[in-house]
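Dear colleague,

I am passing on the structure below, together with some notes on what turned up when I went through it. Please look at it first and then read on.

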Amino acid sequence: MTPFPFELLMNYLLVGAALMALGMLGFLSRRNLIVMFLSAEMMLQGTALTLVGFGRYHGNWTGQIFTIVILTVAACEASVALALILILFKRRSSLDVTLWNELRESTQAPFEEPTVEEEAESVAPALGPESYPHLTRAGLEPAHPTSPWIERRK
Amino acid sequence: MLEKRDLILAIAVIVLGATGTYLMLPHRHGSAKPRRVHLIGAVLAGLALLLFATFWRAPASAISSLFFYAFSLAAVAGGLLTITSRNPIHSALWFASVVLSTSGLFLLAGAQFLAAGTVIVYAGAIIVTFLFVIMLAQMEGRAPYDRAARAPGRATFSCFLLFWALFYALLIVRVAPHPKGVAIDTDNERLVRSGEIASSYGLKADHPARLISELARRDTLRMDDISKRPKPHVAGLGEALYTEHLISVELAGTLLFVALIGALAIATPKLPIRPGDPRPQPLTKL
Amino acid sequence: MSQFLAHNAWLVPFFPLLGSFIVVVAAKWLREQSHLPIVAGIALSFLVSFSLWMVAGPDVTSPAIEWLTISGFNVPIQFRLDGLTTMMLAMVTFVATLIAVFASGYMAGDPGYPRFFALIGLFVFSMTGLVLSNNYVLTYLFWEGVGVCSYMLVGFWHSKPSAAAAAKKAFLVNRIGDFGFAIAIFWLWSASINHDVSYGNVLSRENLDQLGPAAIMGISFLLFWGATAKSAQVPLYVWLPDAMEGPTPVSALIHAATMVTAGVYLIARSTPLLVRAHEVQALVAVIGCLTALLSATIALTQTDLKRVMAYSTVSQLGFMFMGLGAGVNNVAQLAVFAAMFHLFTHAFFKALLFLASGSVMHAMGNVIDMRRFSGLRHRLPITHLTFAAGGLALAGFPLTAGFWSKDEILLALKHAAHQAEPGWGGIYVAVYWIAVLTAFMTAFYTGRAYFLTFWGPEKLPSPQDPEALAEAVDEVDHGSSHTEHDHGHDAGHGHDGHHVGQESPPIMTYPLMILAVCALIVGLIFGPTGLFEHHLHLTLGYEHLGHLEAHGADWLVMLMGSLAAILGLGLSYLFYAHRSPIPAQLAERLRPLYLASYNKFWIDEIYEKAVVGTTLLLAEISAIFDMVIDAIVRGIAYLPRWLGGAGLAPFQNGLVQFYAGVTAMGVAFLLIIVLFWL
């Protein structure tokens with residue numbers, strides 16, 4: 001086997017630390033549930049890198065076995081998280097995580113994100129030789145139940 | 001201890017990286033044009049990344065060095081772009097690059113099976129995520145919550161503080177010199193050494209730390225066999241997995257199964273209750 | 001036999017307690033019969049006490065029952081049955097029986113009838129326990145017990161503000177004395193052999209010999225301090241006249257015959273200790289003399305019959321202390337016998353006088369102001385005669401009870417003047433002459449009260465009396481009648497079917513008659529025959545007291561006492577029997593003196609200003625200090641409230657990312673701490 005000195009291990013650890021920190025930053029600052037999920041996966045990637053490096057440094061399989069377990073957990077997390085995102089989106093028609101803040105002190109006013117004045121940027125219509133007809137909406141969109149599920153159960 | 005040059009460089013990495021990332025995160029900086037700010041942030045972050053790369057030591061062979069630098073840079077840059085992209089689709093694509101780069105790094109560390117596994121698993125995950133984004137994200141334009149990060153300054157500060165702590169901790173690590181003055185280079189010597197440490201501390205035979213160090217030296221867990229030749233990769237991993245970590249494998253399987261059931265239970269569409277619907281009858285009526 | 005009786009001494013306090021318990025439990029069914037268990041209990045208690053009289057001896061004790069044991073400090077429940085104790089027991093239970101019978105008539109119809117008798121039973125329990133106890137701690141316990149009973153009985157009509165105030169005053173003033181007593185016990189404990197505070201140990205010769213002079217003087221002084229409050233001596237006598245707010249039987253039992261003599265009993269009990277501190281003995285004599293003179297002076301001008309009796313009680317207690325104080329060197333035995341004999345006779349005639357006053361009050365529809373009635377001797381013949389008997393005894397008319405005992409005290413004082421330490425004799429000479437003067441004054445005010453009430457033109461109280469009207473106006477002015485003239489509406493108990501100006505029912509007059517006979521002859525039976533002296537010889541530590549070789553009757557002293565009594569009574573006859581104008585002229589001529597006496601030398605007002613005012617000032621200062629403390633405490637209490645409310649609540653904002661961010665920051669800080677500081 002090719003030698004794997006301490007300096008090489010250090011490389012892996014540094015890159016793993018960077019990925020881990022960036023993933024946490026994403027998790028903390030991004031409000032899109034899907035991006036938060038991706039950030040969490042990135043943290044796992046950084047950890048996996050570290051473990052593989054250590055395993056190689058010590059010349060045994062344990063690091064890789066840990067990583068396999070991490071992969072399993074990541075897969076489980078992905079399935080459950082995406083299912084949850086689906087449900088949450090159905091409830092609020094939005095992927096914004098700040099809308100979910102019921103788990104707070106009862107005396108505390110709900111968090112208000114400072115409103116962004118500008119409207120959603122419109123996507124420029126695709127220019128090309130063919131242009132597809134823009135369909136107008138058929139009738140009004142039915143009202144989504146936006147009240148919390150606790151109230152709707154009554 | 002840490003040399004002064006290294007320390008200055010490390011601080012520069014942290015400061016530049018934090019500033020760049022902060023500028024790149026999606027939110028408004030006063031009346032400045034977002035695109036320009038983004039560009040400045042990207043330059044700063046790139047600078048930090050290059051400085052960060054100076055801390056890496058090139059492997060012995062040139063090919064390995066090339067691949068290592070390419071994968072590492074791609075991984076970190078991809079991670080940066082994943083979290084700063086305003087469009088979730090771009091985020092997902094950049095995350096794919098992170099996964100691929102990580103797999104490359106796995107290959108370089110001699111973990112071929114894992115590299116393949118990661119690509120396969122995450123490819124599936126990424127595709128599903130992609131579908132979700134297309135399905136859920138408003139296609140009329142980018143949503144307000146994608147254009148305004150939540151408390152970016154505070155988040156950047158705490159994360160880079162954590163990164164600084166990890167970075168510093170790694171930089172000050174030095175390998176202890178061999179007592180006989182001989183450089184420890186081979187894996188086997190390292191393992192023998194860890195066993196010596198355990199016995200030199202006078203640990204009892206049934207002490208947990210002693211047991212763990214003994215475990216690390218078992219033949220089934222070693223990457224090379226008795227005659228110091230490397231084991232065939234998948235066969236070696238499989239041997240370790242199904243002898244020493246059999247219960248972990250079983251547990252992992254169970255976990256996957258439970259997660260499958262959970263996901264189904266959560267995500268199964270239920271009939272929405274709308275105002276005017278007949279109320280569901282209480283079960284006591286039965 | 002004697003062993004058997006001594007072993008059952010616990011029955012004496014037990015019977016009244018049992019009666020009290022029965023009344024408390026069965027008050028609902030007993031109602032108007034509530035006096036029965038108490039009268040029966042006290043009477044049984046008297047029988048046991050009387051039989052104990054026979055077995056008395058200096059070292060007769062009941063078996064000890066373990067009570068308090070604190071690492072070497074051992075206080076058992078144990079009774080001592082020596083001469084002093086059995087004498088007190090017999091006297092207390094006898095008087096209490098008669099008073100309980102009287103009260104069953106006097107209190108009839110009162111809504112608090114069962115409560116009254118339950119408290120009387122509790123009081124007799126405490127009082128008998130107090131005199132039976134064989135150590136200072138147990139005595140202290142019962143000492144407090146009688147104090148509590150006194151408090152509750154003075155404030156028996158607690159809805160009346162003056163009664164409540166008087167009860168409070170009595171209790172608080174007594175606390176001052178209890179403080180001294182408690183310190184005396186602590187000192188005794190630390191200084192005595194084996195830290196044993198039983199009488200047998202403390203008053204033994206070995207123990208007294210090993211006590212230092214400072215301890216002897218300090219403990220004696222502190223014990224006397226405790227006695228001044230309980231026995232109403234200067235400067236702590238002020239509570240006793242106010243205590244007359246209680247029902248009259250209570251005044252008779254507690255504030256004349258028994259409880260107030262507890263201080264005298266304590267000093268008499270500790271006489272073997274006190275004779276070794278002749279300075280304290282002199283102090284006792286001087287204080288007693290001062291009290292006797294002061295209160296006799298006040299009694300001269302009071303118009304309230306019960307109040308005259310109250311000051312007379314204070315004055316007679318002063319006499320007892322004079323007697324105790326005379327116990328120097330060889331006079332010690334004579335002095336303590338004299339004092340205890342006066343205590344003994346005083347209980348009879350003073351209880352009689354109070355009960356007779358109660359009978360007058362009962363007949364006058366609760367009016368007790370002597371200006372509002374007169375010439376009652378034909379309307380209330382039995383009351384008149386019994387009051388006269390009591391008055392003669394109090395005045396010390398020859399051959400009555402008071403004559404013998406007062407004579408003994410004067411004799412003791414006279415001997416003390418000769419036998420005292422060099423340089424101290426003068427004090428006793430002065431005390432002796434003041435005592436004679438006081439005896440004269442005693443006879444005078446007794447006669448005055450008697451003649452004003454029972455002689456002169458017949459007059460019954462009517463609402464048109466100027467005094468009644470003034471009183472009514474007074475009450476409107478002040479709202480709460482805290483003044484001394486409010487016995488007019490004293491009793492909250494109704495007298496349904498009873499007509500003003502008629503003699504009291506037999507249940508009240510029979511005890512009066514028995515007591516009257518006692519007041520006349522008890523001195524003759526016990527005094528000159530030496531019966532009392534002989535019995536008191538059987539007291540712990542008394543045989544070692546110094547005694548005179550031989551003392552016969554001193555004719556000069558007897559003559560002096562008789563002269564004072566006859567002169568006093570004669571003068572009062574001259575002044576008041578036929579309503580001569582001389583007293584008014586005298587009062588006019590000596591107006592400042594008269595006013596001082598009438599207003600009780602403004603002692604209450606001075607105390608109000610000096611003591612209460614100072615205390616209130618101190619309380620004000622403390623209140624300010626308390627505010628500072630409160631502010632600090634509130635501030636400390638506010639801190640967690642602020643932390644939990646305004647301080648930390650914003651952190652619980654429900655945002656997942658905020659929580660995760662805090663976690664991340666925590667991990668970072670921990671890592672940095674581990675890196676740089678550990």
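This is a predicted model: local features need pLDDT of at least 70, side-chain atom pairs count only at pLDDT 80 or more; totals for chains, interfaces and linings use all residues.

Helix α10 of chain C covers residues 213–230 and helix α13 of chain C covers residues 262–269, and their axes come within 7 Å and cross at roughly 160 degrees. An angle over 145 degrees counts as roughly antiparallel, and α10(C) and α13(C) are therefore roughly antiparallel to each other.

The other part of these notes concerns the interface of chain A and chain C. Chain A brings 16 residues to this contact, while chain C brings eleven residues. Between them the two chains bury about 1100 Å², with 66% of it on carbon and sulfur atoms. On the side of chain A, the residues that lose the most area to chain C are Leu28(A), Glu105(A) and Gln108(A), which together account for 39% of what that side buries. Helix α1 of chain A, residues 6–29, supplies the largest share of the side that touches chain C, namely four residues. By class, that side of chain A divides into eight nonpolar, four polar and four charged residues.

What is the count of salt bridges between chain A and chain C? The count is zero, although three residue pairs are found in polar contact across the interface of chain A and chain C, with both residues at pLDDT 80 or more.

With best wishes

Definitions and conventions. Residues are numbered from 1 along each chain as its sequence is written. Chains are lettered from A and ligands numbered from 1 in the order in which they are written. Side-chain values use heavy atoms; hydrogens and water are left out. Contact means heavy atoms within 4.5 Å. Buried area is the accessible area (1.4 Å probe) that two parts lose on being put together, summed over both. A salt bridge is a side-chain nitrogen of Lys or Arg within 4 Å of a carboxyl oxygen of Asp or Glu. A polar contact is a pair of N or O atoms within 3.5 Å; within protein, one must be able to donate a hydrogen and the other to accept it, and residues adjacent in sequence count only if both atoms are side-chain atoms. Helices (H or I, at least four residues) and strands (E, at least two) are DSSP runs, numbered from the N terminus. Ala, Val, Leu, Ile, Met, Phe, Trp, Tyr, Cys and Pro count as nonpolar, Asp, Glu, Lys and Arg as charged, and the others, Gly among them, as polar. Axes are lines fitted to C-alpha atoms, for helices over the stretch in contact, and angles run from 0 to 180 degrees between N-to-C directions. Angles under 35 degrees count as roughly parallel, over 145 as roughly antiparallel, 65 to 115 as roughly perpendicular and the rest as oblique.
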